[in-house]
Amino acid sequence: MAALLDGRKVASIIKDCLKKETALFKEKGLGVPTLVSLCVGEDCGSTLYAKAQAQAALEMGIDYRLIGFEKGISKDSLIAEIKKINNDPSVHGVIIQTPLPLGLKLRDVISFCSPLKDAEGMHPENLGRLVLENDFVVPCTAQACIELLKSYKVKLYGRDVVIVGHSEIIGKPLSLLALKNLATSTVCHIATSQAKKLRDHVKRAEVLIVAVGKPHLIKGAWIKKGAVVVDVGINRLKGKIVGDVEFKTAEKRASLITPVPGGVGPLTVVLLMKNTLELFKRAKGLS
Ligand code: NAP
C-alpha cells in the first residue's frame with residue numbers, strides 16, 4: 001500500500017519559513033510584501049481559491065488585495081489596470097485569477113504585467129527563463145509538484161517521468177522542471193489518448209504526474225508497481241472532490257501517492273506567497 005505525499009505537511013513547513021522571513025522584513029523596516037489578485041467576472045471573495053490565498057497571505061504576513069472587475073471588462077481596460085499596478089511601488093506581486101470570461105485569455109494580458117511583478121510566473125519572460133534554467137518565479141502548481149517530490153526525496157534524475165496534460169499553467173512548465181532535474185520526461189495530452197497510447201505511457205512511468213481535470217481518467221491498474229503518483233486534478237464527483245487518478249486501486253500499486261484533496265493544492269497557494277516574497281526581495285534589492 002502506498003504512503004501518502006502529504007501536501008499539507010510540506011506546505012506548513014514552507015509557510016513557517018516564509019512567516020519568519022516576512023517578520024524579519026518588518027523588523028528591519030523594509031515594508032510588507034503585497035500581492036494583488038485580479039479577478040474578472042466572479043464574486044471574487046467567495047471563490048475557494050481566493051479565500052485560500054487570502055488566508056495563506058494573512059498567516060504569512062503578506063498584504064493581500066483582491067480587486068474585482070465586471071465580467072464584461074474589455075481587454076484594453078484590464079490591461080490599463082495591470083499597467084497601473086506595474087507603476088505602483090507598494091505592490092510586489094500580481095496574480096490574474098483564471099478562468100477568465102470568454103474572450104479574455106491569460107496569455108493575452110499577462111504579457112502586460114511587469115515580469116518583476118508576475119507572481120504566477122506566467123509572463124513570457126519568466127517562462128523563457130525557465131527554458132534557460134535561469135528562473136526566479138516559476139508557475140506555482142508546477143513548482144508544487146516538484147517541491148512535493150523533493151520533500152519526500154523522490155529522485156527525478158534519469159527516471160521515466162510521465163506528465164499527463166500539457167496546459168501552459170501546469171503541464172508545460174512541469175515538463176521543463178522535470179528536464180531541469182534531468183528526468184527523462186514524456187508529456188501526454190488529448191492526442192495521446194485519442195491515439196489510444198495513454199495507458200502504455202502511464203504503465204512505464206516511474207513518476208507519474210497527472211493534470212487534466214477528468215475524474216478517474218487514469219486507472220489504478222495502469223500504475224507501475226512502486227511508481228510515485230502525483231495527482232493534480234481537482235474534480236467534483238457525486239458531491240466529493242476527486243483527482244484524475246483512480247485512487248483506491250492506484251494506492252495498491254504505487255509506493256507514494258498524493259491524496260486529493262490534501263496533495264498538490266495546499267502547496268500551490270503557499271508557493272504563490274513564496275513567489276511574492278521573491279519579487280519583494282528583488283524589488284528591495286535583497287536578491
Ligand atoms: P486545462 O488547461 O484544461 O488542461 C488540461 C490538459 O489535459 C490539457 O493539456 C488537455 O489537452 C489535457 N487532456 C484533456 N483530456 C485529456 C485526455 N483524455 N487525455 C490526456 N490529456 C487530456 O487544465 P489545467 O488548468 O492544466 O488544470 C488541470 C487540472 O488541475 C484541473 O482539474 C484543475 O482543477 C487542477 N488544478 C489543480 C491545482 C492544484 O493546486 N492542485 C491548480 C490548478 C489546477 P488538450 O489541451 O490537448 O486538450
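Let's start where helix H6 meets helix H11: Cys-140, Thr-141, Gln-143, Ala-144, Glu-147 and Leu-148 of H6 touch Leu-267, Thr-268, Leu-271, Leu-272, Lys-274 and Asn-275 of H11. Contact here means heavy atoms within 4.5 Å. Sorted by class, this contact has 6 nonpolar, 4 polar and 2 charged residues. For the classes, Ala, Val, Leu, Ile, Met, Phe, Trp, Tyr, Cys and Pro count as nonpolar, Asp, Glu, Lys and Arg as charged, and the others, Gly among them, as polar.

A quick word on what you're looking at: this is a predicted model, where local features need pLDDT of at least 70 and side-chain atom pairs count only at pLDDT 80 or more, while totals for chains, interfaces and linings use all residues. Residues are numbered from 1 along each chain as its sequence is written, and side-chain values use heavy atoms, leaving out hydrogens and water. Helices (H or I, at least four residues) and strands (E, at least two) are DSSP runs, numbered from the N terminus.

Back to our pair. At what angle do the axes of H6 and H11 cross? They cross at roughly 110 degrees and come within 8 Å. Axes are lines fitted to C-alpha atoms, for helices over the stretch in contact, and angles run from 0 to 180 degrees between N-to-C directions. H6 and H11 are therefore roughly perpendicular to each other. The scheme is this: under 35 degrees is roughly parallel, over 145 roughly antiparallel, 65 to 115 roughly perpendicular, and the rest oblique.

Please stay with H11, residues 265-283, and look at H1, residues 7-27. Their axes are 9 Å apart, and the packing angle is about 25 degrees. That makes H1 roughly parallel to H11. H1 passes H11 in a left-handed crossing; that word applies if the near helix is turned anticlockwise from the far one by less than a right angle, and right-handed applies if clockwise. On the H1 side, the contact includes Ile-14, Leu-18 and Phe-25, and on the H11 side it includes Leu-267, Val-270 and Phe-280. The residues of this contact divide into 12 nonpolar, 2 polar and 5 charged.

Next comes H2, residues 48-60, which packs against H11 at about 55 degrees, with the axes 10 Å apart. H2 and H11 are therefore oblique to each other, and their crossing is right-handed. Among the residues that meet are Tyr-49 and Met-60 in H2, and Thr-268 and Met-273 in H11. The classes here are 9 nonpolar, 2 polar and no charged residues.

Now, the ligand. Which residues are closest to it? They are His-166, Ser-167, Ile-190, Ser-193 and Thr-268, out of 21 that surround it, each with a heavy atom within 4 Å. A polar side-chain atom of Ser-193 lies 2.6 Å from a ligand nitrogen atom. A backbone N or O atom of His-166 is 2.8 Å from a ligand oxygen atom, and one of Val-232 is 3.4 Å from a ligand nitrogen atom.

Finally, some backbone details. Most residues other than glycine have a negative phi, and most peptide bonds are trans. Here, the bond from Thr-98 to Pro-99 is cis, with omega near 5 degrees, and Pro-99 sits in the loop between strand S4 and helix H4. The bond from Val-260 to Pro-261 is cis too, with omega near 0 degrees, and Pro-261 is in the loop between strand S11 and H11. Lys-153, not a glycine, has a positive phi of about 55 degrees; look for Lys-153 in the loop between H6 and strand S5.

Technical notes: Polar contact = N/O pair within 3.5 Å; in protein donor to acceptor, adjacent residues only side chain to side chain.
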